[in-house]
Amino acid sequence: MEGTSTAVFITVQKIYYPLLCIMGIPANLVTFYLIFVRRCGMSDTAVVYLSCLAVVDSFYLVWVILLDLTLTFWLLQPFWHSYPWCGVLAFLQYGALYSSSWVVVVFSIERYTVLSSTAAAVRHLSHARIPKMTCVAVVMLSHLASVPMAWINVVTPVNVTVDGANVTLPRCRYRDETYSTALVWITAVLSGGVPIVLLVVFNYLIGYHLSRASRPFAREERRATGGRTTRGLVRRSILLLGTISVAFMVLSLPRFITYCILRTVYNSPVFDRNDYRLPINVAGDLANMLQNLNSTANFLLYCMVSRRFRRELLELLRCRRPAGDSSVLTNTTLKVFTLPQQHRTLPLAVPGAVVLTHLQHNQDSP
């Protein structure tokens, strides 16, 4: 019975990870094209952060899911069971993991900064150069922090049974050293624990700021949006932000916990990670499956809630040109009102005030 359950669980993973690659990599690349080229009514800063997120998630899918997990279940001897690929692949994997987590965090911080800043600060932050430099810095620092991870594994000869015969093959195994355990703890906290906390905190602050900002809107502003109250728009924004925070935490937290347990309590060379009779091994692999699903769907959590994005996707599938920006009121999650182009340079009489001039109703609401 146990042998049957183990075989079923292995078969599920052999199918699950290739499917993630088949669906996730094209989805991220198509979404990158839609956001970066067709814009989808998003601001310049949102385009930069979300495009960067799509790229780093695609690299995560390639390094972790395609080259590591998929080959592990389908090949007897993947290429990375040898030098120098054993260390190089670990470096690339942790660099992509750091980048994916922290791009989401800095984007949330940027959104909160824009909402809580003065008009002059918002104009300064709206330049695309700032988010571009931020994304480059996040990716570079993430890979710099991942350099030590190239030495947490070591290639050792292992006796395995192949077609009934015992053979010795090189295997990329976890190095049983104190510094490896310390690095794993630090990495788990920086790539999982800290981003989860920061994402929840800043999304809560954004929701709180939006709920307070909805109160002083005047009757004229509500008429400008075709009679739809801003309170409904705010509720949808808060719901989206809450969904993002909960999804990130629910899908990432199990891996953070199980990874720490595996690399501390069960951190021994004699421990068999492939023994699915042990509950911790089953829990660890299930947590990995959730974490990798989060990396695959994480970009769509931001983008697929937009009707404008869905319309651009349909236009792309029909091989049509990008839809024009026929409305002034753009379809972004965190922006309710915007000014026509000719009025954006007008000075504001009161700091933080919004000049409502020639507002138009946007039919592409999320």
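Biologist: Which residues line the largest cavity?
Modeller: This is a predicted model, in which local features need pLDDT of at least 70 and side-chain atom pairs count only at pLDDT 80 or more, while totals for chains, interfaces and linings use all residues. Residues are numbered from 1 along each chain as its sequence is written, and side-chain values use heavy atoms, with hydrogens and water left out. A cavity is a set of points, on a 1 Å grid over the protein atoms alone, where a 1.4 Å probe fits but cannot get out, and lining residues have an atom within 4 Å of a point. The lining of the largest cavity consists of Leu97, Ala188, Ser191, Gly192, Ser252, Arg255, Phe256, Tyr259 and Gln291.

Biologist: Which element gives the most to the lining of the largest cavity?
Modeller: Helices (H or I, at least four residues) and strands (E, at least two) are DSSP runs, numbered from the N terminus. Two elements each give two or more residues to this lining, namely helix H6 (178-213) and helix H8 (230-262). With four residues, the element that gives the most is H8.

Biologist: What is the volume of the largest cavity?
Modeller: A volume is the space filled by probe spheres set on the grid points, which are joined across faces, edges and corners. The search of the whole structure finds three cavities of 30 Å³ or more. The largest cavity has a volume of about 70 Å³.

Biologist: Why does Ser58 count as buried?
Modeller: Ser58 is found in helix H2. Not counting residues up to four places away in sequence, Ser58 touches Ile25, Asn28 and Leu29, where contact means heavy atoms within 4.5 Å. Buried means under 20% relative accessible area, exposed over 50% and partly exposed in between (1.4 Å probe, protein chains only). Ser58 counts as buried because its relative accessibility is 9%.

Biologist: Which residues is Tyr94 in contact with, leaving aside its neighbours within four places in sequence?
Modeller: The neighbours within four places in sequence are set aside here. The residues in contact with Tyr94 are then Ser146, Met149, Ile152, Thr187 and Tyr259.

Biologist: Over how many bridges do S1 and S2 pair?
Modeller: Two strands pair if DSSP finds at least two bridges between them. Val154 stands opposite Arg173 in S2. Strand S1 (residues 153-162) and S2 pair in the antiparallel sense, and the number of bridges is 10.

Biologist: Which residue takes a positive phi in the hairpin of S1 and S2?
Modeller: This hairpin has two residues between the strands. The residue with a positive phi, near 55°, is Asp163.

Notes
1 Å grid on protein atoms, 1.4 Å probe; cavity = no way out; pocket = protein on both sides within 12 Å on 5 of 7 lines; lining within 4 Å.
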